[in-house]
Every structure is written in C-alpha cells, then in structure tokens.
Amino acid sequence: MAPYAGPLGHPRLEIMLQQTRVAAVLPYYQRFLARYPFPLDFATASESDMLASWAGLGYYSRARNLQSAARSIANETAYPRDYDAIRDLSGVGPYTAAAIASIAFGQAHAAVDGNVLRVLARVTADKADLRAGPTRARLAEAAQTLLDKHRPGDFNQALMELGAIVCLPRNPRCSTCPIAKYCEARALGLENQLPVKSSPPRPTTSRALCWSFSETTRYCCGASPPIAAVSQAFGNCPKRNTSPARAP
Ligand code: SF4
C-alpha cells in the first residue's frame, strides 16, 4: 500500500486537527509522516510508541482512533474513498468525513464546522439559535446547496478559511470580505449581532467513590456513566468480586 503522501495524508491530518490549531498540529504531523510513512507502519506500531509520538498534542483518544482507522485501512486492498466508507473509520464524524472526501477525493460533500456555521448564519441572516439542532441542520443544508460541485475541496477550504481569518466571531472584517456583497447580515447591519447563540448548558458535577485495588485483591468500583469515561481512560477495570480464591 502506498505511503501517506498527497491526498492520502488527509485522514491523519484531519483527525489531528480536531479541536487543535493548525500551527500546533504541523510539527506533529510532519513527525508522524517521517516515523510512520506507510499505513502498515502506523497500524502495527505499539500503542506506547504511537502515544509517545503523540505526546503533547492532547486528546489521546484521537491517536487511538487514528490507529484503529489505520488498522482497518491496512486490512483493505484500497483506501476508502467515498464519504460513507470514510465515515465508518474510527474517530471520523460527518465534518471530518466530508473534509477528507471533498479535499482528498473531490466528492461533493459540504464540510460544516463551527466556523462555517457562523459564516452561513451571517450570510443568510439566520436569526435562530445556532446551538439548536434544526438551525444547524438548516445551515448544513444551505452549505450543501451552495457547494461548488466541481471544486468541492476548494470551496470547503475557502469557507473554512473565511471563517477562520475574516468572518471572525467578534468584529468580523467585513470591509475586506470577498463575499460581503452576498452577505445579508452585512446588508442589514447585523454582522455583530449574528449568529444568535443561547447560553451553553451549565457543567454538571459528578462525584465518584473509588476503591483501591491491587494484584492480590483486584477490587474495582463500578462507575456511573459519566465516570465510566474516566475509568476507560485508565483502562478497563475488572468487575467487582473478581478477587482470586484465597488459599484456606
Ligand atoms: S460580510 Fe462580514 S459578516 Fe458577512 S460573511 Fe463577510 S465578514 Fe462575515
């Protein structure tokens, strides 16, 4: 199988970019390309080696998901190229799948992240709550309608870039915006009022009671759902009452 060159590097790059700025990702991306140039290299790397290469980038579940995806890919004769097959890879959501499918393989899928939602809410002067599911679905549909079907990758990247450097969350730079003449929020003088966003839900506090355990007793708490995510980070605990039979 070919190395992760050109478009085939996108799955890795897109997953690294989740929740992380480009500038922070680039050195890690280059290091990964040098250390694991082929999918098989990455798929067969030990988890500890792979996590050591990832150390400092954070959100380690992404690294595990990426390796799981590499293992799926290594078992195939060809890279997944269409949206649904890419979406099936571990750690790949709708946005990442659309970004990979459009940028790497020229498929007509709009990649809709927070920046793109903000731009579209302003361009269409949508005054509904941006946190509401129907609003997001409506704007995602608008993105798919507007998408340049001949150059979907370029279109998606242009919209992402517009949201990142021109149509900023505060004080959008409308005077230099290349699509200002199409923007309804700008025409209505609402660029600083849109998008409307309700307050985020208040964080909840979880409490957990943990037992200590050792090789000889091997007791572990059964965690409630929110805490289960924490226990997963430390590995799967053996269930309660798994202590070995003691010698009489
Ligand atoms: S004109 Fe202003 S509000 Fe409208 S898309 Fe451009 S930067 Fe955003």
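Two notes on bookkeeping come before the details. Residues are counted from 1 along each chain in the order its sequence is written. Because the model is predicted, local features need pLDDT of at least 70 and side-chain atom pairs count only at pLDDT 80 or more, while totals for chains, interfaces and linings use all residues.

**Overall make-up**

The protein chain has twelve helices and zero strands, where helices (H or I, at least four residues) and strands (E, at least two) are DSSP runs numbered from the N terminus. Read from that end, the order is simply α-α-α-α-α-α-α-α-α-α-α-α. Of the chain's 248 residues, 25% count as buried. Here, buried stands for 20 or more other C-beta atoms within 10 Å of a residue's own, exposed for 12 or fewer, and partly exposed for anything in between, with C-beta atoms placed from the backbone. Taking contacts with a separation of 6 or more, 56% of those in the protein chain join residues 24 or more positions apart; a contact needs C-beta atoms, placed from the backbone, within 7 Å.

How confident is the predictor, and where? Mean pLDDT (the predictor's confidence in each residue, from 0 to 100) is 81 for the protein chain, with 78% of its residues at 70 or more.

**Around the ligand**

Which residues are closest to the ligand? Cys167, Cys174, Cys177, Cys183 and Glu191 are, out of 15 residues that surround it; being near a molecule or strand takes a C-beta atom, placed from the backbone, within 6 Å of it. The elements that give two or more residues to this shell are helix 8 (114-123) and helix 11 (184-188). Helix 8 supplies the largest share, three residues. By class, the shell has eleven nonpolar residues, four charged ones and no polar ones. The classes go like this: Ala, Val, Leu, Ile, Met, Phe, Trp, Tyr, Cys and Pro are nonpolar, Asp, Glu, Lys and Arg are charged, and the others, Gly among them, are polar.

**Helix packing**

Two packed helices are described by the angle between their axes and the distance between the axes. Axes are lines fitted to C-alpha atoms, for helices over the stretch in contact, and angles run from 0 to 180 degrees between N-to-C directions. Helix 10 (residues 152-165) shows up in both pairs below.

| Helix pair | Angle | Axis distance |
|---|---|---|
| Helix 8 and helix 10 | about 85° | 8 Å |
| Helix 7 and helix 10 | roughly 125° | within 7 Å |

Angles under 35 degrees count as roughly parallel, over 145 as roughly antiparallel, 65 to 115 as roughly perpendicular and the rest as oblique. Helix 8 and helix 10 are therefore roughly perpendicular, and helix 7 and helix 10 are therefore oblique.

On the helix 8 side, Asn115, Val116, Arg118 and Val119 meet Leu159, Met160, Leu162, Gly163 and Ala164 of helix 10. That contact divides into six nonpolar residues, two polar and one charged. Helix 7 (residues 94-105) brings Ala99, Ser102 and Ile103 to Pro152, Gly153, Asn156 and Gln157 of helix 10. This contact has three nonpolar, four polar and no charged residues.

**Loop details**

Leu147 is in the loop between helix 9 and helix 10. Leaving out residues up to four places away in sequence, Leu147 touches Ala108, Ala110, Pro152 and Phe155. Leu147 is partly exposed, with 19 other C-beta atoms within 10 Å. Its C-alpha is 9.8 Å from that of Leu159, twelve residues apart in sequence.

Ala125 is in the loop between helix 8 and helix 9 (133-146) and counts as partly exposed because it has 17 C-beta neighbours inside 10 Å. Asn171, in the loop between helix 10 and helix 11, has 8 such neighbours and so counts as exposed.

Lastly, the peptide bond from Leu194 to Pro195 is cis, with omega near 0°. Pro195 lies in the loop between helix 11 and helix 12 (225-233).

Terms used: Contact = placed C-beta atoms within 7 Å.
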